[in-house]
Amino acid sequence: MLKIYTSLILAYAAVSISVVNAASIQKTDPTNEIAKIYCSGGINTSSISRLVSIFDEINKNSGTKRIYLYINSYGGDMDAGLMASAVIKSSKIPVTTVAMSTVGSSATIMLCAAEDRRSLPDGYIYLHPSLMNYNGDVRPNYIQAMTNESRRFNNIFKKTYEKRTNLTDDMINNILYSESNRITYTPEDAKK
C-alpha cells in the first residue's frame, strides 16, 4: 500500500526573514518500502525537532526497509546538527544520507551520521570552522564564553571528520582554524 506523509520544516534566514522550506516523507516504492525525506533550509532546533518526529513516525512502520535523507543546507545551529546526527544514528531502519545540493557546516554532521553516505552529481560538501554570531557589548567573560563554545563546536566537527573521512589530523585542524582554509568537495573529491 502506498502511503504519503507530508510535513513542514521552518527555516529562518540569518537576517531574520522567515523562509518556509518543505520537507516531505514519501513512501515511493511499495515493493521495497523506501522512505524519502527531503530536508532543505537552515538547521535549527525547530526544524530538527520536526525531523525527529518524522523519523519516529517512519520507524514505527515495520515495513520500511531504508530511509533516504536528502539534504540541502548551508548549516545552522550546531546543537541542532547534533540532534539530527543522533536521530540518524539511532534509527532502527538503516539511513542513507544524500547531498542533494549544498551541504555545509552543521549539515555535514547530519550527512556524516549515516553509514551509507552519497551525493547527487551536483552535490557539494563544504567543511569550515565554527562560526559564532554575537551582537552587543563585548566583555572579557563574553570573549571567554565564546571561545569555549567555539572550541566545543570545532571539537564536534573534528570528531565527525576523524570518524567519517580520511583527512589527516593536520588537515582537519587547518580547516577548523580559519574560514579561509574552508574546503569544498565535489562528489568525486568526497569519494577520495
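**View A. Burial of helix α3 in the predicted model.** Ser106, Ala107, Thr108, Ile109, Met110, Leu111, Cys112 and Ala113 of α3 are buried, a term that denotes under 20% relative accessible area with a 1.4 Å probe and protein chains only. Helix α3 spans residues 106-113 and is mostly covered, with eight of its eight residues buried. Helices (H or I, at least four residues) and strands (E, at least two) are DSSP runs numbered from the N terminus. The model is predicted, so local features need pLDDT of at least 70 and side-chain atom pairs pLDDT 80 or more, whereas totals for chains, interfaces and linings use all residues. Residues are numbered from 1 along each chain as its sequence is written, and side-chain values use heavy atoms, with hydrogens and water left out.

**View B. Packing of helices α2 and α3.** Helix α2 (residues 78-90) packs with α3 at an angle of about 10°, their axes lying 8 Å apart. Axes are lines fitted to C-alpha atoms over the stretch in contact, and angles run from 0 to 180 degrees between N-to-C directions. The two helices, α2 and α3, are therefore roughly parallel, the term for angles under 35 degrees. Contact (heavy atoms within 4.5 Å) joins Met78, Gly81, Leu82, Ala84, Ser85, Ile88 and Lys89 of α2 to Ser106, Ile109, Met110 and Ala113 of α3.

**View C. Serine 105 in the loop between β5 and α3.** Although not a glycine, serine 105 has a positive phi of about 50°. Serine 105 is buried, at 10% relative accessible area.

**View D. Threonine 102 in strand β5 (residues 95-104).** Threonine 102 counts as buried at 13% relative accessibility. Beyond its neighbours within four places in sequence, threonine 102 contacts Ile71, Asn72, Ser73, Tyr74, Tyr124 and Tyr126.

Methods
Buried means under 20% relative accessible area, exposed over 50%, partly exposed in between (1.4 Å probe, protein chains only). Angles under 35 degrees count as roughly parallel, over 145 as roughly antiparallel, 65 to 115 as roughly perpendicular and the rest as oblique.
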